[in-house]
Amino acid sequence: MNEPVPALLAGHPNKLPRPKGELEALQAAWELPKSWRIVTSVNNTVVGYFYVAAAVLFFLLAGILALLMRLQLAVPSNTFLSPETYNQIFTMHGTVMMFLFAVPVVEAMGILLLPQMLGARDLPFPRLGAFAFWAYFVGGIIFFGTLFYDLAPSGGWFMYPPLTGAQYSPGLGADFWLLGIGFIEISAIAGAIELIVGVLRTRAPGMTLDRMPIFAWTMLVFAGMIVFAFPAVILATLLLELERAFGWPFFVPQKGGDALLWQHLFWFFGHPEVYIIFLPAAGMVSMIVPTMSRTPLVGYRLIVVALIATGFFSFGLWVHHMFATGIPALSLNLFSAASMAVALPSGIQVFAWIATIAAGRLQLTTASLFVLGFLFVFTLGGLTGVMVAMVPFDWQAHDTYFVVAHFHYVLVGGMLFPMFGAFYYWAPAFSRRVLSERFGKAAFSLMFIGFNVAFFPMHITGLMGMPRRVYTYPAVAEWSVLNMISTIGAFLFASGVLVFLFDLVRNLRPTVSDPIGDVWKGASLEWLHNHIYGPRSIPLVTSRDPLWDQPGLSEESKEGRHYLPGTVTGQRETIITSPIEAMPQALQRLPGDGWPPLLAAVFTAGFFMLLTVKYVTLAFVSGVLALAMILIWMWGSDQRPLPHAEIGHGIKVPTYVGGPLSHSWWAMVVLMLVAGSLYLSLVFSYLFLWTVSPQVWPKPEQMPPSLWPFVSAVLLTASSGLIVLAGRALPVRSRNRIAFVAAIGLAVLSLCGSLGVEVLSHWRAGFRPDVDAHGALVYMASFLQLQFVLTLVVMAGFAIARCLAGMLSRRRRVVFGNLALLWHYTVAQGLFGLLLVHGFPRVA
Amino acid sequence: MSAPRTRPFADLLRLFVGPTVWFMHLVLLYGVEALICTPPVGSGRAMLWLGVVATVAALGALVFLAVMPAPRAEGRPSVHTGAAYLHNTSRLLAFLSAVGVIWNALPVALVPVCALAAS
Amino acid sequence: MNGILQSVLAPHGPQAGQIATLAWALFAFGSLVLGLVIAAIWLAMRGAPRIREVLARERTIILLGLALPVAALTILLACGAWLTRAQTGHADEALRIEVTGQQWWWRVVYDGPAPIVSSNEIRIPVGQPVDFTLKAADVIHSFWVPSLGGKIDMIPGRTTRLRLTAERAGVYRGQCAEYCGGPHALMSFKLIAMPRHEYDAWLERLAGPQSAPSTDNEQRGQLLFLAAGCGTCHAVRGTDAAGKIGPDLTHFASRGSVGIDTLPLTAENLDRFIRDGQHIKPGNRMPEFRIFSSAEQTALVSYLMSLQ
């Protein structure tokens with residue numbers, strides 16, 4: 001796979017010897033904080049460790065909950081757990097496994113592995129990564145803690161209203177779920193933005209998209225899916241929390257709401273979620289198999305197609321979870337077809353891995369065993385998945401233990417086994433010692449056997465008529481035997497995990513500077529001599545398997561003969577490359593360690609949790625502190641432009657870029673995609689509830705006069721125009737700030753005015769958010785718009801402050817660029833909203 | 001810099017065209033059945049015709065996507081650039097999406113509109 | 001419990017029968033594919049070089065990983081669509097019964113000139129399709145009788161429907177399949193399929209007037225029942241008790257169980273349930289009544305046991 005390199009990159013490695021002090025300067029720039037201050041580190045390796053460790057902790061906690069459930073179900077009519085406790089435990093087991101383990105652990109592995117795999121020094125937004133981790137960790141710990149105060153939610157991880165509404169779940173449990181999980185989802189989105197920009201913009205020079213390791217592809221698809229899937233559930237949690245707190249009747253049928261709206265939104269997130277978890281694990285398998293078979297991956301091209309197809313097809317399956325809700329049969333079969341479609345990419349991947357094994361010779365290491373276990377378990381889970389995709393079969397299997405068996409085969413098989421394989425495979429890249437193969441194989445055997453003993457019988461239990469989510473069952477002979485077997489299996493599985501933990505304690509010696517390294521003779525860049533700053537010099541990649549096809553690469557990189565062998569600016573840096581061809585485009589200076597991301601996360605978590613327990617004042621204080629921390633952190637970004645920097649081979653790149661060349665432009669675009677899908681979810685909710693309850697929609701003559709939306713639209717457009725003018729008025733140097741400040745100020749007024757006019761128009765027309773679903777949705781549209789307006793007001797103030805401080809000019813303009821992007825997006829969203837809420841009732 | 005052509009955003013977006021056609025086809029059929037059944041407007045015949053038209057249109061779009069010529073780098077076709085690779089990938093995605101579209105059409109042909117488990 | 005039917009794999013009606021056949025076909029299909037994958041893995045690791053060389057081709061990936069699944073899944077999809085079609089549609093001769101799910105019991109209303117209300121036990125004639133009209137009073141429930149067919153959710157604000165047919169007389173256990181909080185696990189019911197003439201006679205008796213309490217004890221029990229406020233939640237036709245929160249007790253003693261299938265119907269169990277219901281069915285909506293003297297309790301029980 002050695003391809004000729006573009007002329008720009010051709011050239012010989014840097015000359016030896018390297019200048020004196022170059023390495024020392026690099027090390028100094030990347031020096032880690034000492035002792036306990038390590039928590040202020042924003043470096044991806046450190047944050048990655050914390051992240052993986054926290055995720056594993058939550059896995060163990062949720063696993064203990066599972067064992068408690070299995071104890072309760074070991075015998076019929078057991079009284080070990082009360083129904084309420086059991087309901088809390090199964091809710092927490094599902095929620096913690098999904099939101100606090102599965103997604104975070106995958107994201108954590110991405111943060112830990114990607115920069116090294118891509119040959120970057122760090123991810124492009126280190127502080128965002130640290131913020132995402134701390135937000136998740138603090139929020140997760142508080143959320144889990146609710147179990148000990150009997151405040152845990154008990155409505156199931158799927159939280160279907162009306163059971164989770166204020167009437168049937170009056171306690172705080174549901175609020176903890178809604179605010180806690182909503183908050184953790186925001187952290188997941190922050191991580192996703194980081195990963196997308198990291199994969200697209202910080203690859204080593206020459207690593208074109210078709211030379212990128214499959215794991216990076218999967219992380220790209222994974223993060224892309226989060227961007228489109230999570231907003232749906234964020235909207236759902238917002239709607240339900242507003243219904244619980246203020247009585248906005250989104251899910252109350254008597255007032256034009258509908259319980260099924262929640263299910264649509266939840267599963268539009270929930271089904272992709274399964275693949276969000278599975279894809280990165282599949283990516284790990286695609287890395288482990290070639291290394292262990294000593295041969296390049298067969299069917300790379302097909303696998304990439306399969307990954308993207310899975311990412312897309314999984315969004316067409318959400319009704320698959322609603323086959324028993326009385327939706328017309330034709331529609332059910334449409335989604336049955338979509339469920340079949342998503343099976344195709346999995347077939348491709350499975351046979352591509354088999355082909356790779358056939359092409360080489362598979363060494364039976366622990367990692368390989370986990371992969372083989374994965375192939376068996378996941379295939380079986382996929383097959384039962386095809387079964388439940390058949391509408392009539394699902395009418396029987398739905399909500400029974402058959403489904404419990406099915407998705408544990410998919411999730412444990414498809415995600416947990418590869419993850420454990422990955423722990424064994426990548427441990428040498430981060431530890432001074434390898435993990436023990438002997439313990440590893442024992443752990444695998446126990447886990448594999450235990451898993452199948454626990455979960456295979458559940459297929460039968462379910463078909464024998466046992467529903468899910470029951471805290472006890474009557475003494476039917478077959479049920480008792482099968483449940484007892486499952487319980488034994490669960491403990492066997494847990495003993496395997498215990499062996500793994502023992503191995504970790506004995507052998508894992510995490511390090512950032514001198515890991516044992518390339519013991520498997522891998523092909524990808526994480527097996528270079530890596531330090532806290534990644535490789536000494538960032539290698540020129542000319543092949544899909546650089547360490548196999550480019551002999552001497554590892555030594556050359558270590559000696560500093562490739563790109564960026566030191567630090568040009570004395571700060572932490574990484575190379576920004578073009579998204580597809582990976583041509584060097586800029587040198588990005590990365591921020592150093594510090595408290596703001598950690599404190600911002602703690603205060604943000606504080607804001608959400610205090611709000612949950614209704615300490616409004618304290619919550620507000622916490623929120624302001626969080627905002628202050630974010631502003632302090634942002635103040636240090638967008639550093640002053642410096643002269644072009646030479647990164648080696650005589651290539652000079654700018655140290656300051658704006659617009660589509662800059663990494664922050666890409667992050668902003670991704671953020672806008674998130675915002676767009678959040679808004680589309682609202683549009684869907686509006687149209688959906690209209691089809692259910694058209695009677696609560698106003699007649700054209702009841703609508704606010706069209707002058708109101710017209711004024712609002714004019715104000716919106718004007719504010720966008722003012723922002724364009726402000727861009728023109730950006731000072732060249734430090735003079736002439738008045739025009740810029742005035743333009744921004746007027747734009748803010750105009751934007752706020754448009755929202756005020758919009759809300760007032762509905763109020764004067766007599767619409768109230770708590771009276772019917774239409775009113776609730778109309779105010780909800782303004783509520784979403786309000787969040788953007790508030791963000792923009794803060795950002796505008798920030799831009800003005802930067803301008804007055806002489807830190808924003810025609811040349812140094814990224815802060816303004818981001819503001820303008822989000823501004824125009826908000827205006828577009830506002831105009832669309834006006835068209836929908838004022839136009840639709842007039843034509844419908 | 002004499003970099004190969006860079007239209008990264010457009011090239012990445014093209015990957016999504018095929019699956020998006022499939023998704024729109026699915027959502028359109030689902031949405032139309034929902035409208036036909038509650039409140040009743042239209043009929044089974046309308047559903048069938050719509051299914052035919054939507055499927056032909058979707059398949060047409062996917063075929064068009066598949067036969068579009070590969071991008072050229074510096075005037076010559078090149079298989080080594082990432083852009084050409086993406087083009088190839090979007091072709092395969094168009095093929096998979098076409099299978100999905102045909103499968104979507106199957107229930108429209110086989111299952112009567114608005115049928116419920118009992119009525 | 002044993003001897004009560006609640007299994008997908010023991011179908012007693014055409015709807016469940018079709019699905020069971022499909023299930024067996026799917027298991028066969030699944031085993032075949034799983035066997036194929038295992039064999040391929042084995043050959044990839046240990047097979048002859050020529051076989052491994054074939055397996056390692058990209059063309060093989062496309063053949064086994066794409067072409068084969070496309071063909072197999074197309075067939076399955078068509079089968080699924082055909083079977084869905086067979087399980088839906090209109091049936092002229094269907095009997096109608098309305099069932100409403102409530103936390104945590106079932107209200108049953110038989111269609112007739114004057115609707116007959118019952119709860120927690122459903123009787124149907126053998127051999128006749130029954131169209132269940134399903135509603136929910138509070139949260140989402142799901143109506144499921146595994147031996148007779150699939151399940152359909154009961155959703156507040158919506159009406160869903162399900163057709164079941166029992167081919168043989170028998171007692172089929174049904175259970176709520178959508179998590180509905182609290183003692184969801186105990187929200188089951190019995191569906192009793194009986195020969196047509198027995199069913200007709202039973203329904204006729206149910207529609208008829210309620211016999212007044214005959215013995216002194218029963219009369220005292222009735223007075224207690226009304227005075228203690230039981231009628232706020234329960235209804236007994238022909239008395240002032242007209243509550244709708246709990247099960248209708250008009251023909252309470254003709255049903256087989258106390259506390260929805262949690263205990264068989266006997267005087268002792270009824271007595272226990274009144275005093276100690278939160279232990280028998282934790283979280284249920286009925287408070288424990290311990291205000292009665294033991295004589296009063298006996299009178300109350302004997303009244304309730306007389307509600308044939």
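Two strands pair if DSSP finds at least two bridges between them, and this is the sense in which pairing is meant in the legends below, which describe a predicted model.

**View 1. The hairpin of strands E3 and E4 in chain A.** Strand E3 (residues 572-577) of chain A runs antiparallel to E4(A), and six bridges join them. Six residues lie between the two strands of the hairpin, where Ala582(A) takes a positive phi near 55°. Strand E4 (residues 584-590) of chain A is largely enclosed by the rest of the structure, because seven of its seven residues are buried.

**View 2. Helix H9 of chain A.** This helix covers residues 329-359 of chain A, and at 1.5 Å a residue its 31 residues should span 45 Å; the C-alpha atoms at its ends are 46 Å apart, which agrees with that expectation. H9(A) is also mostly covered, with 31 of its 31 residues buried.

**View 3. Backbone details in chain A.** The peptide bond from Leu16(A) to Pro17(A) is cis, with omega near -10°, and Pro17(A) belongs to the segment that comes before helix H1 (22-29) of chain A. Asp150(A), although not a glycine, has a positive phi of about 55°; this residue is in the loop between helix H4 (126-145) and helix H5 (173-201) of chain A. With 13 other C-beta atoms within 10 Å, Asp150(A) is partly exposed. Lys521(A), another residue other than glycine with a positive phi, has a value near 60° and lies in the loop that connects helix H14 (477-507) to strand E1 (530-531) of chain A. Lys521(A) has 11 other C-beta atoms within 10 Å and is therefore exposed, the cut-off for that class being 12 or fewer.

**View 4. A cis peptide bond in chain C.** The bond from Gln103(C) to Trp104(C) is cis, with omega near -5°. Trp104(C) is found in the loop between strand E1 (95-102) and strand E2 (105-110) of chain C.

**View 5. Chain C as a whole.** Chain C has seven helices and twelve strands, and its C-alpha atoms fill a box of roughly 95 × 45 × 35 Å along the principal axes. Its radius of gyration is 26 Å, whereas a compact globule of 308 residues would have one near 19 Å. Buried residues make up 43% of the 308 residues in chain C, and among the contacts in this chain with a separation of 6 or more, 62% are between residues 24 or more positions apart. The mean pLDDT of chain C is 91, with 99% of its residues at 70 or more.

View 6. The contact between chains C and A takes 67 residues from chain C and 68 residues from chain A. Helix H1 (14-46), helix H2 (49-55), helix H3 (58-86) and strand E7 (152-154) of chain C each supply at least two residues of the side that touches chain A, and H3(C) gives the most, with 15 residues. By class, this side of chain C has 39 nonpolar, 20 polar and eight charged residues. Elsewhere, twelve residues of chain B are in contact with 16 residues of chain C, and the side of chain B that touches chain C divides into eleven nonpolar residues, one polar and no charged. For the complex, the predictor gives an ipTM of 0.96 and a pTM of 0.95.

Conventions: Residues numbered from 1 in each chain as written. Chains lettered and ligands numbered in written order. Predicted model: local features only at pLDDT ≥ 70, side-chain atom pairs only at ≥ 80, totals over all residues. pLDDT = per-residue confidence, 0-100. Contact = placed C-beta atoms within 7 Å. Nonpolar A, V, L, I, M, F, W, Y, C, P; charged D, E, K, R; others polar. Helix = DSSP H or I, 4+ residues; strand = E, 2+ residues; numbered from the N terminus. Expected span 1.5 Å × (residues − 1). Buried ≥ 20, exposed ≤ 12 C-beta atoms within 10 Å, placed from the backbone. Rg over C-alpha atoms; globule rule 2.2 N^0.38 Å.
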